[in-house]
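Please look over the sequence and the structure shown below before reading on. The report that follows takes up one topic under each heading.

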Amino acid sequence: MARWEAEGFDTALKVHSKPQGRTMPTQDQVLTWRGETLRGNDGEKIGTIEEIYLDTETREPEWALVTTGLFGTKQSFVPLRDATSSGEGVSVPFAKDTVKDAPTMDPDGALSQREEAELYRHYGLDYSESESGSGLPEGDATGGGDFTGGRGDTVGHDVSGPTTDNAMTRSEEELRVGTAERESGRARLQKYVVEEEVTQTVPVRREEIRVEREPITDANVDAATDGPEISSEEHEVVLHQEEPVAEKRVVPKERVRLDKDVSTEQREVSDTVRKEQVDIDDDTRR
């Protein structure tokens, strides 16, 4: 069984058997790989390590859950066997396409023996289907039928140990849930230029000729008779008018930024849990 080790809670991921000949870095080293970039055997970036899964018996890191794709929506399981860490991230001896084409498994559910074998087969790793319910290697203290360990009147064995006493342990699975933060998308501010027609009205002035005639009076007779009595003469008046003129200037209007709001909603998490029940078979009451 492998288990996702998160902060304050565990989410079980059942694994029915284990790869053979696995060599791994230490648990403390591997647990720091969350959030690191995962690279393939050619150094190309595959994705981001989201979670690390440990074997519940050996407590050794066994799988990495990696998010791939443009928006990190694809999740793939990658064996951590022979994984190495460097300044550029974590490297595994698999090609990027091999990881992306791995069989899709539910990271919050159980891996059946068939699914687990399918994953190891996809990555070309050795896989053993043998398992022992007691946690011991096959053939060690589990092959017989009856056990007597110091109490001649007690027959049988239990998860607490072969023939510890005349009581058996009843266990139940408990569902523990929590939250894990993952990237759900990205928003960007982008500025671009558009053109539009703007029409405004502006008043313009112009000068026009107006002919004024005034009679000769005592007040203007001197000015009117100053000069030859009969002559040719020409007067010129310059006219002016205003023309519309447009100029453009850049004016800052507003500042736009992106901010985040956090909303909380309630979600139900359902899973199947097992529990043991004890029945009494008393031959004396038949």
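## The nonpolar core

Which residues have the most contacts inside the largest nonpolar core? In this predicted model, local features need pLDDT of at least 70 and side-chain atom pairs count only at pLDDT 80 or more, while totals for chains, interfaces and linings use all residues. Residues are numbered from 1 along each chain as its sequence is written, and side-chain values use heavy atoms, with hydrogens and water left out.

The residues with the most contacts inside the core are Trp33, Leu38, Ile49, Ile52, Val78 and Tyr123, and the core has 29 residues. A nonpolar core is a set of buried Ala, Val, Leu, Ile, Met, Phe, Trp, Tyr and Cys residues joined through side-chain atoms within 4.5 Å, where buried means under 20% relative accessible area, exposed over 50%, and partly exposed in between (1.4 Å probe, protein chains only). At least two core residues come from each of helix H1 (27-31), strand E4 (45-55), strand E5 (61-68), strand E6 (74-79) and H3, and E4 gives the largest share, 5 residues. Helices (H or I, at least four residues) and strands (E, at least two) are DSSP runs numbered from the N terminus.

Leu38, setting aside its neighbours within four places in sequence, is in contact (heavy atoms within 4.5 Å) with residues including Ile49, Val66, Val78, Val90 and Val92.

## Helix H3

In H3, the buried residues are Glu115, Glu116, Ala117, Leu119, Tyr120 and Tyr123, and what covers the buried residues of H3 includes E5, E6 and helix H2 (96-100). Just after H3, Gly124 takes a positive phi of about 70 degrees.

## The loop between H3 and H4

Leu175 is found in the loop between helix H3 (113-123) and helix H4 (221-224), and Leu175 counts as partly exposed because its relative accessibility is 43%. Arg176 also has its place in the loop between H3 and H4, and Arg176 is exposed because its relative accessible area is 54%. Although Arg176 and Asp271 are 95 residues apart along the chain, their C-alpha atoms are separated by 10.0 Å.

## Confidence in the model

The protein chain averages a pLDDT of 77, and 74% of the residues score at least 70; pLDDT is the predictor's confidence in each residue, from 0 to 100. Over residues 5-19 pLDDT stays under 50, and the model has 63 contacts beyond four places in sequence for these residues. Over residues 131-155 pLDDT also stays under 50, with 26 contacts beyond four places in sequence.
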